[in-house]
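Welcome! Have a look at the sequence and the model, then read on.

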Amino acid sequence: MMHIDSGNYYGLDEVGSSIWNQLAQPTSIRAICDAIQGEFMVERERCEADALKFLEGMVKDGLVVQVNLPLFDSK
């Protein structure tokens, strides 16, 4: 993946690609991890921590924008 403005390239593994595809619509960490756990064997706590770190990096690099949704929606 390439950031058009900066020209930086980003490599995404299978999990990163799954998260990226889910970002077509505003979503929460909870919903992202629900989908990730349906595809990959990962503990919930690790999934949430890793997904949050990944998304924070994407926000910092200007690849995604955080909208006014809670990071962890209530279910």
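Which residues of helix 3 are buried? They are Cys47, Ala51, Leu55 and Met58. These four cover an arc of only 55° around the axis, which puts them on the same side of helix 3. Please keep in mind that this is a predicted model. The points below start with the overall plan and then visit each helix in turn.

**The overall plan**

- The protein has 3 helices and 0 strands, and along the sequence it reads α-α-α.
- The protein has 75 residues, of which 23% count as buried.
- If you take the contacts between residues at least 6 apart in sequence, 47% of them join residues at least 24 apart.

**Why helices can have a buried side**

- An α-helix has 3.6 residues a turn, so residues three or four places apart point the same way.

**Helix 1 and the segment before it**

- Gly11 sits in the segment before helix 1 and is exposed, with a relative accessible area of 76%.
- Although Gly11 and Met1 are 10 residues apart in sequence, their C-alpha atoms are 6.3 Å apart in space.
- Asp13 caps the N-terminal end of helix 1, with a side-chain oxygen 3.2 Å from the backbone nitrogen of Val15.
- Helix 1 covers residues 14-22, and its buried residues are Gly16, Ser18, Ile19 and Gln22. Seen down the axis of helix 1, these buried residues fall within an arc of 160°, so they line one face of the helix.
- The face of helix 1 turned away from that buried side carries the exposed residues Glu14 and Asn21.
- Helix 2 and helix 3 are among what covers the buried residues of helix 1.

**The loop and helix 2**

- Ser28 lies in the loop between helix 1 and helix 2, and Ser28 is buried, with a relative accessible area of 6%.
- A polar atom of the Ser28 side chain lies 3.1 Å from the backbone nitrogen of Ala31.
- Helix 2 runs over residues 29-39, and its buried residues are Ile29, Ile32, Cys33 and Ile36. Viewed down the axis of helix 2, the buried residues fall within an arc of 95°, so they line one face of the helix.
- The cover over the buried residues of helix 2 includes helix 1 and helix 3.

**Helix 3 and what follows**

- Helix 3 covers residues 44-60. With its 17 residues, helix 3 reaches 24 Å from its first C-alpha to its last, close to the 24 Å expected at 1.5 Å a residue.
- The face of helix 3 turned away from its buried side carries the exposed residues Glu45, Arg46, Lys53 and Lys60.
- On the buried side of helix 3, the cover includes helix 1 and helix 2.
- Leu52 belongs to helix 3 and counts as partly exposed, at 22% relative accessibility.
- The C-alpha atoms of Leu52 and Ile29 are separated by 7.0 Å, while the two residues are 23 residues apart along the chain.
- Just after helix 3, Gly62 takes a positive phi of about 75°.

**The nonpolar core**

- How many residues make up the largest nonpolar core? There are 12, namely Tyr10, Ile19, Ile29, Ile32, Cys33, Ile36, Cys47, Ala51, Leu55, Met58, Leu63 and Val64.
- Helix 2 and helix 3 each supply at least two residues of this core.
- Met58, one of the core residues, is in contact with Met1, Trp20, Leu23, Leu63 and Val64, leaving aside its neighbours within four places in sequence.

**The cysteines in the core**

- Cys33 and Cys47 are both listed in the largest nonpolar core.
- Cys33 is buried, with a relative accessible area of 0%, and Cys47 is buried too, with a relative accessible area of 6%.
- How many disulfides are counted in this model? With a disulfide taken as a pair of cysteine sulfur atoms within 2.5 Å, the count comes to 0.

Definitions and conventions. Residues are numbered from 1 along each chain as its sequence is written. This is a predicted model: local features need pLDDT of at least 70, side-chain atom pairs count only at pLDDT 80 or more; totals for chains, interfaces and linings use all residues. Side-chain values use heavy atoms; hydrogens and water are left out. Buried means under 20% relative accessible area, exposed over 50%, partly exposed in between (1.4 Å probe, protein chains only). The arc is that of the directions from the helix axis to the C-beta atoms. Contact means heavy atoms within 4.5 Å. A nonpolar core is a set of buried Ala, Val, Leu, Ile, Met, Phe, Trp, Tyr and Cys residues joined through side-chain atoms within 4.5 Å. A polar contact is a pair of N or O atoms within 3.5 Å; within protein, one must be able to donate a hydrogen and the other to accept it, and residues adjacent in sequence count only if both atoms are side-chain atoms. The expected span of a helix is 1.5 Å times one less than its number of residues.
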